[in-house]
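Please walk through this structure from its overall division to its sheets, cores and loops.

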Amino acid sequence: MAAHDVMPDIELFQPVTVEDASAIARRLEGRGWVLAGGQDTYGWLKDRAKTATAMIDLGTIEALSGIEETADGVRIGAMTTLRTVSRDPLIRERYALLAEAAGKVASPQIRNQGTLGGNVAQDTRCWYYRRGLSCYRAGGNICYADSPEGMNREHAILGASRCVAVSPSDTGTALVALDAVMVIQNGGSVRRVPAAKFFVGPAVNITHMTVLREGDILTAIELPAAWAGAEHYFEKVADRDVWDFALVSIAAAFRTSGNAIEDARLVCGAVSCVPHRLNAVERAVIGRPRSEETAESVAGLASQGAKPLNFNHFKAPLMENLVKRALRS
Amino acid sequence: MAEATEFKAIGTRPVRPDGVDKVTGRAQFGADLNLPNMLYGKVLRSPHAHARIRRIDLDAARAMPGVHAVVSGADFPGAQHGEIGGEGGGDVADVAKNVMARDKVLYHGHPLAAVAATSQAIAEAALAAIEVEYEVLTPVLDLEAAMAPDAVLVNENCFTKNLPEPAEKPSNIASVMTLARGNVDEGFELADVIVEGEYRIPMAHQGYIEPHACTATVNESGQATVWTCTQGHFALRTQTANILDMSVADLKFIASEIGGGFGGKTVVYLEPVAVMLSTQARRPVKMVMSREEVFRASGPAAGSCAKIRVGAKKDGTITAATAWLAYEAGAFEGAPMGPGAMCVFAPYDLENFRVEGFDVLVNKPKVAAYRAPGAPQSMHAMESALDDLARELNMDPIDLRLKNAVAEGSQAAYGPKFPAIGFRECLEAAKAHPNYQKPVPEGAGRGVAAGFWFNAGMESSAEVHINEDGTVQIIEGSPDIGGSRASMALMAAETLGVPYEKIRVLVGDTEASGFNNVTGGSRTTFATGMAVIQACEDIIAQCKDRAAKTWGVDADQVEWEDGQAIPAPGVNAELKPLTLAEIMKTAARTGGPILGRAALNARGPGAGFSVNFGDLKVDRETGKVDVLSFTAIQDAGKAIHPAYVEGQMQGGAVQGLGWALNEEYIFDGNGVLENPGFLDYRIPVASDMPMIDTQIIEVPNPSHPFGVRGVGETPIVAPLAVAANAVRDAIGRRVHDLPLSPPNVLAAIEEG
């Protein structure tokens with residue numbers, strides 16, 4: 001074991017257009033690293049757990065930052081800082097769920113630099129994968145976390161397939177709950193991907209946590225008007241109040257008519273490789289009020305199908321308790 | 001001893017001498033020194049928790065351009081056996097093997113080779129070029145596995161010490177200890193109520209902000225100079241000399257400023273390696289640990305298992321108590337089992353008790369001292385049991401402790417009779433404290449616990465030089481980790497009668513200062529302070545002599561008052577007092593420069609007691625625990641600089657609460673630490689903690705001229721049980737094991 005403490009030599013590209021960034025990324029193939037706020041980049045490279053030899057800094061592309069109202073909602077540039085997202089009056093008024101989630105990421109210092117795009121595109125915190133071991137996610141054929149010797153208090157209880165890593169994103173749950181659309185540009189072509197499909201689990205692709213591929217630049221996140229002003233609930237449970245990742249988090253949005261829930265989104269973080277939508281709970285609450293009674297009757301559905309590992313049994317009751325809280329008015 | 005009201009300097013709160021340089025970034029810490037031609041040293045560490053080194057091939061690394069030295073265990077001499085000294089227990093020969101493995105690697109991160117190269121990048125590449133063949137062995141990772149009769153052995157040559165009969169076969173139990181008084185069986189029979197419990201605490205790290213760092217340069221005569229961040233440059237010099245089989249005279253150690261130590265910077269890790277690399281390379285070598293290396297391979301606090309049983313009568317009188325205490329030593333013997341066993345019942349006057357302690361080898365890093373080493377673990381168990389007992393008896397937890405508290409004249413469980421101590425005063429202050437009178441907030445629980453630490457004396461030296469203008473230079477050798485320069489200057493100001501602002505304090509290197517043992521054991525303000533006071537008294541005696549010469553009277557006709565020599569009552573009243581500056585003006589004619597000195601082994605450090613209580617809120621649906629308020633009350637003997645005493649109390653409270661709530665070494669089943677960084681090893685941050693309220697109690701220590709007791713370690717002891725007892729109060733169920741993190745607390749709630 002050699003302890004690394006210095007950055008490797010690295011080339012730095014600072015394009016000013018998305019087209020250039022995309023072209024550079026394609027040209028560099030696997031050795032390029034798309035750099036957003038840089039809050040999770042340098043550890044990977046200093047530890048030699050990733051082998052990029054060039055960085056493409058999106059910080060020089062002005063068009064990627066900012067929040068604007070559109071015909072059908074709000075569009076947030078992917079390089080908009082988490083601090084801005086958490087404090088922007090428009091977001092706070094219409095999509096407070098996202099503002100709250102962004103305000104719970106890491107620490108104030110990290111939110112000042114970290115971006116919304118970076119927060120959804122960051123790689124998993126699995127400590128085996130981060131140590132640079134050749135696990136499934138790194139292209140190997142073993143999962144260290146899900147082995148008899150594995151320490152897995154922070155790993156998945158749902159949706160695992162060989163790999164048991166979880167999505168670390170605090171904002172990803174909120175974006176899935178709000179039916180956000182991720183705008184991805186590659187060269188001259190643009191595609192729009194629903195947030196729920198942006199994140200991918202190991203059964204679909206075990207080495208990537210999102211649909212982003214070489215040359216893809218996440219340029220913006222669009223929030224549809226349909227969920228503007230919805231009732232919401234966000235909570236992140238972590239070992240420490242700040243500068244920590246979730247043990248379990250929940251993002252919920254409700255459209256109500258009178259007392260009854262007309263439509264609901266409940267999404268848990270840190271329980272699966274993707275923000276985990278609680279479809280059974282969502283169906284069960286339609287037509288019912290947000291109340292203690294509703295909470296008690298549906299919470300058990302939240303962790304249905306959970307397969308806890310040796311050290312994370314607490315996640316199932318924690319999910320259920322957070323669902324209850326979301327459903328109490 | 002003077003009454004508190006008479007002090008002029010002591011008890012004031014001036015800015016510390018090193019403060020401005022530290023907040024402006026001028027202070028030089030361990031990694032700040034750079035020398036011309038310097039090389040960068042790096043250590044190759046074991047990827048296995050337990051393995052035999054079959055073969056190690058350094059040739060490819062040696063052949064790399066830019067690599068100037070490569071060493072492994074074979075390059076180091078066999079070390080002499082001997083005590084490490086200071087606060088950390090253990091044998092120098094073990095420290096030598098901890099610094100560089102020989103035939104076996106004993107924990108993940110154990111050093112087995114090192115290189116020095118012209119850049120860090122080349123050094124890292126050279127490490128990657130070292131070929132090692134391992135025979136991987138089963139790691140021994142917990143106390144149960146280690147203490148099992150058929151356990152895999154960490155060290156095949158380890159035979160349990162202190163057994164009634166010499167051990168016949170090797171064991172992972174390095175040593176045992178028993179303390180007993182009276183008859184516990186009879187005592188338990190007298191009890192109306194008996195409580196018992198088993199408590200586990202994982203390894204935790206001191207979490208000092210500054211990683212270990214040093215720079216060594218060895219000249220052509222083989223004399224080495226080492227700059228290092230340490231709590232004891234004299235102790236590190238001794239250890240390095242033993243490990244490298246060098247004369248102490250050929251090693252000069254210079255202590256840099258230190259960014260935290262808490263006990264963890266009292267043993268060598270890098271220093272002998274840097275000297276060895278510099279010897280081979282003939283150039284200066286700088287070595288700095290990464291944070292990951294600090295976590296994996298410096299000495300954390302021991303993990304522990306404690307089984308406690310306490311019996312009492314209906315009125316709260318404890319009739320018997322037993323403690324079974326096992327501590328993880330890590331890869332080499334020397335867990336703080338002894339002090340843990342001696343502290344566990346120390347605050348209580350017990351007729352019948354029995355304590356058994358076990359120092360147990362496991363394939364984890366060798367533990368080091370951490371504030372009151374051993375006491376937080378054992379006293380967490382006892383103070384939790386007393387909380388259960390108070391509940392069973394329906395007694396206030398402070399009243400229960402008052403009923404059994406030791407006082408002056410009590411025979412301590414660990415042996416001696418206590419002189420004047422302040423435990424009862426702390427308990428009474430806690431009971432009367434406005435925070436204790438307040439109702440417990442909704443959803444919260446309140447916990448109370450006591451803390452204890454012996455405190456240490458040990459060797460210190462000091463010189464005091466009077467400059468030609470009458471200003472004062474103190475030279476001592478105790479690295480300043482908690483504001484000791486300020487306390488030295490205040491005690492000198494008080495003794496000499498000179499303003500604090502006219503005094504400077506140097507923490508001298510091993511050539512500039514007489515011997516000082518480590519800044520540890522909460523001993524520096526007490527012991528080095530005593531040396532400074534005595535050196536100042538030496539100055540006063542000389543000044544009186546100089547004044548006598550100036551005045552043409554006998555020395556005993558001169559007195560010293562308010563920083564000047566005055567004629568004694570009845571002596572020629574015409575004589576004008578002579579200040580230090582005036583005495584120095586004529587010093588050349590009266591005998592030359594004036595230099596006072598003292599060297600001593602300080603006795604009677606004075607035990608430190610504390611009582612802490614706090615209100616902690618538990619979220620019953622998430623398991624999250626938040627500290628709403630915390631009050632620390634402690635006997636400081638006499639607070640020389642009250643602000644820094646309060647700082648020690650607050651810092652200890654936060655470290656204890658961190659250990660209680662979130663801090664833990666998380667190992668996997670292969671013995672690999674999975675959280676070797678501050679993100680996943682969760683020390684509290686400012687927003688996690690309320691303001692810690694403090695109250696200093698002053699029951700003077702009769703063995704110190706100003707009544708000082710050590711204050712640095714006691715503060716970390718009580719908070720663990722305060723947190724545990726508050727959570728017990730809040731959720732109606734005891735969580736025996738730490739940390740009280742959301743997963744563990746939620747699991748306990750769900751079980752209940």
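The paragraphs below take up confidence and domains, then the sheets, the nonpolar cores and a few single residues.

This is a predicted model. The scores for the model are ipTM 0.96 and pTM 0.97. For chain B the average pLDDT is 96, and 99% of the residues score at least 70.

Chain A is split into domain 1 (11-60) and domain 2 (62-122 + 164-328). Between the C-alpha centres of these two domains of chain A there are 25 Å. Their contact involves 16 residues of domain 1 of chain A and 16 residues of domain 2 of chain A.

Chain B has domain 1 (19-26 + 457-601), domain 2 (33-137 + 210-259 + 265-297) and domain 3 (304-455 + 606-751). The C-alpha centres of domain 2 of chain B and domain 3 of chain B are 36 Å apart. To the contact between them, domain 2 of chain B gives 22 residues and domain 3 of chain B gives 22 residues.

The sheets come next. Strands of a sheet pair through backbone hydrogen bonds, in either a parallel or an antiparallel sense. In chain A, 4 strands form an open sheet with antiparallel pairing, in the order β9-β10-β11-β12. Strands β9 (231-237) and β12 (276-277) of chain A are at the edges, each pairing on one side only. Inside this order, β10 (residues 248-257) and β11 (residues 260-269) of chain A form an antiparallel pair with 9 bridges. Within that pairing, S249(A) is placed opposite G269(A) of β11(A). Helix α9 (residues 170-177) of chain A packs on the sheet and touches β9, β10, β11 and β12 of chain A. The direction of helix α9 of chain A is at about 155° to that of β11(A).

Chain B also has an open antiparallel sheet, with 3 strands in the order β4-β2-β6. Here the edge strands are β4 (104-105) and β6 (131-136) of chain B, each of which pairs on one side only. Strand β2 (residues 51-57) of chain B is joined to β6(B) in the antiparallel sense by 6 bridges. One residue to look for is I56(B), whose bridge partner in β6(B) is V132(B).

A parallel pair is found elsewhere in chain B: strand β18 (residues 472-476) is joined to β19(B) by 5 bridges. Q473(B) has R504(B) of β19(B) as its bridge partner. In a regular strand the side chains alternate between the two faces of the sheet. Strand β19 (residues 503-507) of chain B has I503(B), V505(B) and V507(B) on a covered face, while R504(B) and L506(B) are on an uncovered one.

The core has 132 residues, of which V310(B), F345(B), L389(B) and F452(B) touch the most other members. Helix α11 (residues 375-393) of chain B supplies the largest share, 9 residues. Leaving aside residues up to four places away in sequence, L389(B) touches V193(B), V195(B), V310(B), A312(B), I318(B) and L400(B). In soluble globular proteins, nonpolar side chains tend to be buried together.

Helix α21 (residues 742-751) of chain B has P742(B), P743(B), V745(B), L746(B), A748(B) and I749(B) buried. The cover over these buried residues involves both chains: it includes β9 and α13 (315-327) of chain A, along with β24 (608-618), β25 (625-635) and α20 (719-731) of chain B.

Two loop residues of chain B remain. E220(B) is in the loop between β9 (213-218) and β10 (224-228) of chain B. Its relative accessibility is 65%, so E220(B) counts as exposed, the cut-off being over 50%. E220(B) and I56(B) are 164 residues apart along the chain, and their C-alpha atoms are separated by 29 Å.

L163(B) is in the loop between α5 (143-147) and β7 (173-181) of chain B. Because its relative accessibility is 35%, L163(B) counts as partly exposed. The C-alpha atoms of L163(B) and T178(B) are 9.7 Å apart, with the two residues 15 residues apart along the chain.

How values were computed: Residues numbered from 1 in each chain as written. Chains lettered and ligands numbered in written order. Predicted model: local features only at pLDDT ≥ 70, side-chain atom pairs only at ≥ 80, totals over all residues. Heavy atoms only, no water. Pairing = 2+ DSSP bridges. Contact = heavy atoms within 4.5 Å. Axes fitted to C-alpha atoms, helices over the stretch in contact; angles between N-to-C directions. Core = buried A, V, L, I, M, F, W, Y, C linked by side-chain atoms within 4.5 Å. Buried < 20%, exposed > 50% of the residue type's maximum accessible area, 1.4 Å probe, protein only. pLDDT = per-residue confidence, 0-100. Domains from an automatic or database assignment.
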